[in-house]
Amino acid sequence: MLHAGAQPNASAWLRSSVQTGTSNDCQLVCDTDADLAKLTPQQQLYRDPPYRINNADGQLLGHHTIGTTATHADGSLEYNAHNLYGLSEAVATHTALQKITGKRPFVLTRSSFLGTGAVAAHWTGDNAATWADLRWSISSTLGMGLVGLPFVGADICGFSGDTSEELCGRWISAGAFYPFSRNHNTLGAAPQELYLWDSVADAGRRAIKMRYQLLPHLYTAFHHANEHGTPVAKPLWFAFPHDPATHAIDDQWLLGDVLISPVLHQGETKREAYFPKGKWYNLFDNTTIDTHDGGKSVTLDLPMGHVGVHMMAGTILPMQQPASVTADVMASPLTIVVALPPMEPLRHFANAAELTQKAEAGKLRPAIWTIAVDQQQNQSESSRGMAAQYTTRKMMAGMQAELSATPGMQTKGAAEARQCGISEPGRVTACGQVFIDNHESLKAEGYASSLLELHAEILQDAATGLWEGKLVGSLGKTTGEQGGEGCAVHWPEVDTIVLEGLTSAHDVQVQFKHDGMLYAVPHEQVAVNQQQSQVIISGLQHQMQCGQSALWSWSTMGWAGQA
């Protein structure tokens with residue numbers, strides 16, 4: 001209720017330009033003229049601070065909420081405590097859901113503060129269905145990730161106002177790669193479900209299908225956020241700080257390690273996208289962009305429904321099969337995509353014609369790919385595993401010795417050998433991780449059996465020119481609560497390995513070694529695409545187990561061509 005002589009807008013007295021008469025700024029009993037006159041200059045600043053944010057279209061900070069000069073029970077001013085409300089609300093809700101369900105909760109909040117990211121996801125608030133807000137959504141999402149809110153995204157297609165077919169189509173192509181992805185709008189606005197337009201539905205299927213295929217990589221990125229505080233959606237400068245060209249880019253981002261480049265302007269079907277130094281593989285069509293001489297801008301052809309999604313050479317990416325719900329995705333087999341850096345031969349094999357002549361003369365043996373698995377579940381199996389590992393180490397040590405004898409080459413130590421993305425004459429490497437848990441644990445610190453370490457290395461034999469490679473997957477064991485050891489989670493099968501940037505002009509034979517037995521993989525399960533420099537080995541159906549180290553090794557004749 002209003003006291004006699006009170007101004008309905010208690011904050012309006014500080015600015016003569018603000019008209020009084022209709023405001024929800026009052027708090028139970030509005031300030032009287034006498035009360036307002038008692039405010040000190042400092043208190044007046046709390047109502048209208050000098051930093052001048054654009055609050056509610058120019059209204060003072062107390063507009064539509066508790067006045068900033070209100071005092072809490074402990075003496076704290078609302079000015080200092082206001083933004084803690086959203087954090088406190090999220091903490092209370094998160095804690096209550098944990099107690100009620102006994103599972104890891106999902107809480108979504110708009111009101112937030114530093115620390116909210118530990119207990120809740122966040123959306124960026126009431127945006128509008130405009131092209132400008134589509135562009136702003138990217139910097140908003142990236143900014144939130146940098147201050148500790150990794151699970152964040154904007155309302156796809158816009159919250160207020162009526163969207164358009166083109167805007168909504170472009171927005172879902174970009175927004176499918178926000179960490180938190182949701183189409184949402186206000187009451188009274190025109191419907192904007194993706195299926196209302198054929199072109200938008202097609203764009204949604206294409207982008208969301210890729211998002212779901214990338215779920216194991218996305219989940220691993222959230223694990224890294226939990227362990228190290230790194231954003232899930234990162235600005236390019238975060239990953240490439242020494243490249244000045246990345247510092248001002250706010251219309252591309254990395255979702256985990258995957259580069260996203262959407263169209264953000266009306267009527268455009270192409271865009272300039274920056275690719276830092278390296279080599280980049282398009283996850284939709286396997287085309288490549290080579291920037292190993294230095295980062296550069298590239299024109300991408302992106303008609304309606306298309307978005308740039310690239311993985312960088314030197315990374316290993318886990319992917320799964322798309323499905324309607326995430327539970328079905330996470331239960332599907334794993335595909336391990338190994339993106340190899342540019343492979344440069346040793347100096348005395350730099351002439352590809354020389355290798356071709358040797359191959360034609362029969363001096364190089366046919367390409368053979370071998371898949372060997374060491375199981376370490378008991379002591380007897382450990383003995384077999386140690387013997388197999390010794391054989392593998394001996395083979396690789398021999399190759400390293402030959403390389404070290406080659407001018408300009410040096411034997412690499414174990415730590416250096418595990419570096420990602422090395423590309424040097426006669427040697428390339430790639431690595432990655434896959435994190436999986438039961439999605440319900442109250443604490444997300446994970447277990448040794450939840451993290452699969454992947455490392456690939458290819459070396460060229462100094463004597464024959466043969467390219468010898470290996471892919472190692474290592475999965476630890478977890479000590480259970482009852483003192484036993486075992487897997488804390490059930491791992492999906494590894495069904496397919498895709499080697500990007502490698503090919504062979506000869507038939508590829510694949511063998512699978514398990515428990516001391518050697519099995520031949522049917523020829524039809526191995527595909528070599530020379531045009532795209534890609535080797536696909538499918539139908540492996542290998543079940544990862546705790547404490548298991550899996551070794552896939554291969555050799556290919558002569559120079560491994562690059563797309």
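This is a predicted model: local features need pLDDT of at least 70, side-chain atom pairs count only at pLDDT 80 or more; totals for chains, interfaces and linings use all residues.

Reader: Fine. In what order do the strands of the open sheet of 6 strands run?

Author: In general, strands of a sheet pair through backbone hydrogen bonds, either parallel or antiparallel. Strands here are DSSP runs of E, at least two residues long, and helices are runs of H or I, at least four, numbered from the N terminus; two strands pair if DSSP finds at least two bridges between them. The order in this open sheet is β6-β7-β8-β13-β10-β11, with antiparallel pairing. At the edges sit β6 (233–234) and β11 (288–291), each pairing on one side only. Look at β10 (residues 278–282): 4 bridges join it to β11, and K279 stands opposite D290.

Reader: And strand β20, how many of its residues are buried?

Author: Buried means under 20% relative accessible area, exposed over 50%, and partly exposed in between (1.4 Å probe, protein chains only). In β20 (residues 467–475), 7 of the 9 residues are buried, so the strand is largely enclosed by the rest of the structure. Its antiparallel partner is β19 (residues 451–460), joined to it by 9 bridges. The hairpin they make has 6 residues between the strands, and there G465 takes a positive phi near 85 degrees.

Reader: Pockets next. What volume does the largest pocket have?

Author: On a 1 Å grid over the protein atoms alone, a pocket is an open set of points with protein on both sides within 12 Å along at least five of seven lines, and lining residues have an atom within 4 Å of a point. Points are joined across faces, edges and corners, and the volume is the space filled by probe spheres set on them. The largest pocket comes to about 1,400 Å³. Of its 43 lining residues, R104, F106, F151, Y219 and F222 are the closest to its centre. Helix α8 supplies the largest share of that lining, 7 residues.

Reader: Which residues does F159 contact, leaving aside its neighbours within four places in sequence?

Author: Contact means heavy atoms within 4.5 Å. F159, in the loop between β4 (155–156) and α6 (165–175), touches D126, N127, A128, A129, H184, N185, T186 and A189. At 14% relative accessibility, F159 counts as buried.

Reader: Last one: how many salt bridges are there?

Author: A salt bridge is a side-chain nitrogen of Lys or Arg within 4 Å of a carboxyl oxygen of Asp or Glu. A search of the whole structure finds 8. In one of them, R104 pairs with D437, the closest N and O atoms being 2.6 Å apart. That pair links distant parts of the chain, 333 residues apart. R104 is partly exposed at 25% relative accessibility, whereas D437 is buried at 5%. Another joins R182 to D155, at 3.0 Å between the closest N and O atoms. E424, R427 and E457 are linked in a network of salt bridges.

Definitions and conventions
Residues are numbered from 1 along each chain as its sequence is written. Side-chain values use heavy atoms; hydrogens and water are left out. On a 1 Å grid over the protein atoms alone, a cavity is a set of points where a 1.4 Å probe fits but cannot get out, and a pocket is an open set with protein on both sides within 12 Å along at least five of seven lines; lining residues have an atom within 4 Å of a point.
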